[in-house]
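Keep the sequence at hand.

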Amino acid sequence: MCRSIKTLRPPVTPDATEEDFHAAALQYVRKVSGFRAPAAHNREAFDRAVDAVTEATATLLAELEVRGQSARAARVGA
């Protein structure tokens, strides 16, 4: 696990943003690929991977249930 990726689900981080999702995705893709920054010929694949992981993270957190309520509802404070 990449140590700089923090837990984003509520109630641990109730105010996680798309920027937080993107930052975590970027760290993940960097770790998996072994590149801090991709070479020009790999930039498109790298960026697509970051976008896909960002979207998957947002979907996961929106669908998780936290103590009987959806994570999104917990984030709103319901």
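Is arginine 43 buried, partly exposed or exposed? Arginine 43 is partly exposed, with a relative accessible area of 37%. Buried means under 20% relative accessible area, exposed means over 50%, and partly exposed lies in between (1.4 Å probe, protein chains only).

This is a predicted model: local features need pLDDT of at least 70, side-chain atom pairs count only at pLDDT 80 or more, and totals for chains, interfaces and linings use all residues. Residues are numbered from 1 along each chain as its sequence is written, and side-chain values use heavy atoms, leaving out hydrogens and water.

Arginine 43 pairs with aspartate 47 in a salt bridge, with the closest N and O atoms 3.2 Å apart. A salt bridge here puts a side-chain nitrogen of Lys or Arg within 4 Å of a carboxyl oxygen of Asp or Glu. Both residues lie in helix α2, four residues apart, about one turn of the helix. Helices are DSSP runs (H or I, at least four residues), numbered from the N terminus. Aspartate 47 is partly exposed at 32%.

The count comes to two salt bridges. Arginine 48 and glutamate 44 meet in one, at 2.8 Å from N to O. They too lie in α2, four residues apart. Glutamate 44 is exposed at 58%; arginine 48 is partly exposed at 49%.

The largest nonpolar core has seven residues: Ile5, Leu8, Ala16, Phe21, Ala24, Ala58 and Leu61.

Conventions
Core = buried A, V, L, I, M, F, W, Y, C linked by side-chain atoms within 4.5 Å. Helix = DSSP H or I, 4+ residues; strand = E, 2+ residues; numbered from the N terminus.
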